Amino acid sequence: MTASPASAPARLLRRALHAPEADRANALPAGAWWLWALGLATAASRTTNPLLLGLLVGVAGYVVAARRTDAPWARSYGAFIKLGLFVVALRLVFSVFLGSQIPGTHTVFTLPELPLPDWAQGVRIGGRVTAEQLVFSLYDGMKLATLLICIGAANALANPARLLKSLPGALYEAGVAVVVAMTFAPNMVADVVRLRTARRLRGRPTGGVRAVAQIGLPVLEGALERSVAVAASMDARGYGRTAQVPAAVRHTTNVLTLGGLLGVCAGTYGLLAAQGAVYGLPLLLAGLVVAMAGLRLGGRRSVRTRYRPDRWGVRAWLVACSGAAVAAAMIWAGAVDPEALRPGVVPLTAPVLPLWPAAAALIGLLPALVAPVPPSNRAAADRPAQRGKEQA
Amino acid sequence: MIRFERVSVRYEGTERPTLSGVDLTVPEGELVLLVGPSGVGKSTLLGTVSGLVPHFTGGLLSGRVTVDGRDTRTHKPRELADLVGTVGQDPLAHFVTDTVEDELAYGMESLGLAPDVMRRRVEETLDLLGLAELRDRPIATLSGGQQQRVAIGSVLTPHPKVLVLDEPTSALDPAAAEEVLAVLQRLVHDLGTTVLMAEHRLERVVQYADQVIVLPAPGAPPVMGPPDGIMKVSPVRPPVAELGLLAGWDPLPLSVRDARRAAGGLRERLAGAAVPVRTGVAPTAGPGPVVAAERSRPGRLARLLGRGSAAPVTPAAADPVTRVDGLGVRRGRVEALRRVTLTVAPGETVALMGRNGAGKSTLLGALVGMIEPTAGTVRVGGLAPARTDPRAMVRRVGLVPQEPRDLLYADTVAAECAAADRDAGAAEGTCRALVSELLPGVGDDTHPRDLSEGQRLALALALVLTGRPPLLLLDEPTRGLDYAAKARLVGVLRGLAAEGHAIVLATHDVELAAELAHRVVILADGEVVADGPTGQVVVSSPAFAPQTAKILAPQEWLTVSQVRDALEAGA
């Protein structure tokens with residue numbers, strides 16, 4: 001009664017947009033998160049403006065904070081941030097010691113220069129370090145770091161194994177093999193930790209190079225044994241079962257796949273080698289189509305079906321498109337106003353935040369509104385507290 | 001359902017076949033139990049059913065194994081996947097995907113079942129195994145029992161006619177084991193699934209078996225028969241059968257229920273006899289009573305400890321070996337331990353029990369200094385273990401971890417011993433002497449990897465004992481041990497306790513606790529919920545009572561040997 005007719009659709013819209021709690025049925029496809037993250041990464045690659053880069057990192061970080069689960073793979077985000085900081089530091093160190101091509105007038109300090117023979121012309125070790133050069137390397141490092149952090153965000157938000165579900169049938173088994181091989185690494189890390197603590201039981205110090213050297217062999221042995229065990233388990237559970245297909249289909253598959261790949265190679269070469277641009281693109285596209293047909297036909301040999309594949313719903317499109325929109329806006333801004341995206345270092349100027357690209361970067365926050373909310377950890381954290389109260 | 005025809009298996013580089021002369025038939029819809037000492041070829045026999053032996057492991061199989069008419073010589077494991085479901089010893093090595101629901105679906109995906117069928121079966125299996133709450137959880141975050149249930153569920157979804165399980169309950173606490181066994185029984189009864197299962201813990205499984213196959217020795221032909229018949233002649237027996245034989249019950253009961261029905265007479269005969277309760281010996285109220293008890297009744301103590309004469313305990317050693325006060329440990333948000341208080345006196349054996357994930361291993365870790373307490377204090381020999389140099393700690397406390405292999409780095413037993421002497425600052429040859437005592441007949445240049453599970457445990461125990469620590473901790477020592485190895489371990493630990501070592505064992509094995517422990521501490525959700533003499537704590541608990549106690553309750557008999565002694569004394 002009291003609701004006016006105009007607000008009813010608005011309320012409906014708000015209810016539709018209000019993100020539900022995440023479960024298996026409404027989980028976003030891993031591909032959507034990756035497209036979103038790659039969109040942000042593309043945007044980051046178009047600018048060296050530290051303010052814009054910082055904004056992009058903030059956007060990615062906010063979405064991760066709002067939507068990641070407490071699964072083991074979601075904990076990798078912190079590692080990616082550390083890696084990013086390391087890249088920035090490394091870039092600066094190299095610039096300080098190896099010099100830079102950037103001409104500059106503001107000398108910050110001078111390192112003793114290592115005299116080098118004539119044939120090493122153009123290489124410099126030590127010498128004058130200018131503010132321009134440092135700022136340039138800082139911007140450059142920040143760009144790389146932002147790219148890494150965007151990839152880390154995708155890694156934290158989407159289970160890498162779920163990406164497998166989107167592979168065509170013919171490639172699925174290769175994909176599983178890759179994923180199983182990848183679990184080798186985390187398992188090995190776990191083994192190292194376990195064996196290092198076990199060293200304590202023998203009364204040996206747990207740190208140091210010797211400790212690592214001594215446990216190296218048992219760790220490798222253990223990891224190898226486990227891989228063999230997983231392979232046995234996969235075999236016993238039907239991994240690699242194939243359907244009988246007529247010989248003609250098999251041959252056609254081979255011809256199509258090989259031919260398609262050749263076409264892709266030739267087409268790529270044509271595109272890259274300045275003269276062949278005319279036939280390059282059509283050849284590449286034709287090669288892709290033929291190869292896809294080959295993969296599709298090859299999928300017939302595989303009998304596998306898929307359990308609850310992720311669905312591309314409205315939310316998935318919104319997430320993927322928000323990333324793409326940020327990328328598109330940044331590319332467009334780069335064409336219109338390159339100065340704003342690449343603040344000058346010679347002469348040194350303070351970077352300003354260009355309004356429209358910054359606003360566009362904020363579109364990347366959309367997933368924090370529309371993606372389903374993972375079941376909160378708060379519920380789990382509350383339970384012990386309650387129990388404690390009951391006892392009190 | 002499964003036919004073995006003159007099957008023998010020989011691996012490359014071995015002199016004699018691992019299995020030979022296996023000639024038997026497993027009928028459809030039966031639960032068949034495979035028993036025998038370690039290293040007798042049980043896993044190999046199970047492997048021949050799924051085709052992993054010899055297609056995956058190599059080796060030479062002669063004779064023929066057919067499952068539902070399919071010959072494993074011509075069918076690879078993957079072509080048997082719709083017929084045979086296999087779960088190995090280590091559930092973690094079984095998982096291909098990383099969430100529960102995906103894992104349950106994996107086998108069906110490989111077989112190409114229709115999506116709606118897969119969905120229905122996953123839901124059914126989640127309910128059947130009580131996994132519905134965990135469906136979205138990453139497998140790595142589950143407890144051992146939950147992982148075992150997921151592993152069984154993951155092979156159930158393709159509806160195999162045959163289920164092959166290698167020690168499915170060894171790693172589980174009693175309650176979780178009951179759960180898994182109840183599920184297996186339901187499968188056999190309701191779906192007519194044939195189950196072939198190897199298990200050392202007979203007391204848990206023998207009552208559910210329709211047939212038992214005994215592999216007496218490596219290469220010896222197996223014997224198959226109904227459980228009660230086999231248990232009369234088998235070298236390994238659960239306590240319930242042991243008690244039945246002792247009392248001369250016929251037919252031989254295999255379940256506690258059957259035994260209780262027959263036990264009326266025995267209870268009357270025992271009513272007059274005093275239960276040799278260890279409460280008199282167990283120093284529950286601190287170190288004082290130990291000394292007093294030992295002085296006043298040396299003969300009984302000696303008999304209890306299975307030793308000719310009790311080793312003298314010096315009064316100075318009677319201070320508690322370890323004192324834990326209000327201990328709390330947090331891992332991230334999880335409080336693994338809360339307000340745990342515990343004192344252990346020299347010569348005392350304490351069993352830590354509780355379900356998987358209750359904090360037993362964490363408590364041992366804190367005692368040995370691997371885990372730093374977030375609240376409260378831990379003192380071992382007067383020192384805080386986490387802040388003391390490991391080299392000083394080895395002479396005060398020793399832990400044999402769940403996986404004894406973690407302690408072994410060298411490639412010969414001799415090198416391992418030399419290193420242990422150096423680590424502990426002990427005289428040269430100390431460790432080797434211990435190894436000869438605990439592990440007679442193992443050569444100096446044996447590779448630790450070639451030892452059996454029980455031998456490896458003994459080697460790890462010798463390494464840990466080299467530092468002569470007054471406090472000895474063992475984490476799940478009987479996992480994967482057969483009865484003979486377990487009996488040897490019990491003898492060794494009793495001897496150590498008699499010498500004045502304080503022993504703390506974290507275990508799911510109620511029979512072991514009943515044999516060894518003076519005191520039982522039960523942990524739940526990181527808190528101590530019971531702490532008292534074994535007899536009192538264990539008899540009142542349905543989950544932690546040993547079979548003898550269940551049969552003879554309300555009398556507080558814990559082990560068959562106690563009953564035997566009492567009967568002999570009375571006779």
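The side chains of Arg241(A) and Asp82(B) meet in a salt bridge, with N to O at 3.6 Å (a salt bridge is a side-chain nitrogen of Lys or Arg within 4 Å of a carboxyl oxygen of Asp or Glu). The pair joins two chains, because Arg241(A) lies in the loop between α8 (208-236) and α9 (247-272) of chain A and Asp82(B) in the loop between β5 (70-71) and β6 (84-87) of chain B. Helices (H or I, at least four residues) and strands (E, at least two) are DSSP runs, numbered from the N terminus. This is a predicted model, in which local features need pLDDT of at least 70 and side-chain atom pairs count only at pLDDT 80 or more, while totals for chains, interfaces and linings use all residues; side-chain values use heavy atoms, leaving out hydrogens and water. Residues are numbered from 1 along each chain as its sequence is written, and chains are lettered from A and ligands numbered from 1 in the order in which they are written.

**Interface of chain B and chain A**

- Chain B brings 66 residues to the contact and chain A brings 53 residues (contact means heavy atoms within 4.5 Å).
- About 5000 Å² is buried between chain B and chain A, and carbon and sulfur atoms give 52% of that area; buried area is the accessible area (1.4 Å probe) that two parts lose on being put together, summed over both.
- Arg78(B), Glu109(B) and Tyr409(B) supply 15% of the area that chain B buries against chain A, more than any other three residues.
- Seven salt bridges are found across the interface of chain B and chain A.
- A salt bridge also links the side chains of Asp235(A) and Arg78(B), at 3.2 Å from N to O.
- On the side of chain B that touches chain A, at least two residues each come from β6, α3 (100-111), α4 (115-128), β12 (334-344), α15 and α16 (413-424) of chain B.
- α3(B) gives the most to this side, with 10 residues.
- The side of chain B that touches chain A has 34 nonpolar, 10 polar and 22 charged residues; Ala, Val, Leu, Ile, Met, Phe, Trp, Tyr, Cys and Pro count as nonpolar, Asp, Glu, Lys and Arg as charged, and the others, Gly among them, as polar.

- Over all chains, the structure holds 33 salt bridges.
- Arg64(B) forms a salt bridge with Glu5(B), with the closest N and O atoms 3.6 Å apart.
- Arg64(B) in strand β4 (residues 60-67) and Glu5(B) in strand β1 (residues 2-10) are 59 residues apart, and the pair links distant parts of chain B.
- Arg64(B) is partly exposed at 33% relative accessibility, whereas Glu5(B) is buried at 19% (buried means under 20% relative accessible area, exposed over 50%, partly exposed in between, with a 1.4 Å probe and protein chains only).
- Glu372(B) and Arg387(B) meet in a salt bridge of 3.3 Å, N to O.
- Glu372(B) is partly exposed at 45%, and Arg387(B) is exposed at 68%.
- Salt bridges that share partners join Arg308(A), Glu101(B), Arg119(B), Glu123(B) and Arg135(B) into one network.

**Annotated spans of chain B**

- An unreviewed UniProt entry lists "domain: ABC transporter" for residues 2-243 and 322-550 of chain B; UniProt positions follow the numbering used here, feature names are shortened, and annotations may be inferred rather than shown by experiment.
- Residues 2-243 of chain B are 36% helix and 22% strand, with the end C-alpha atoms 34 Å apart.
- Residues 322-550 of chain B are 35% helix and 26% strand, with the end C-alpha atoms 33 Å apart.
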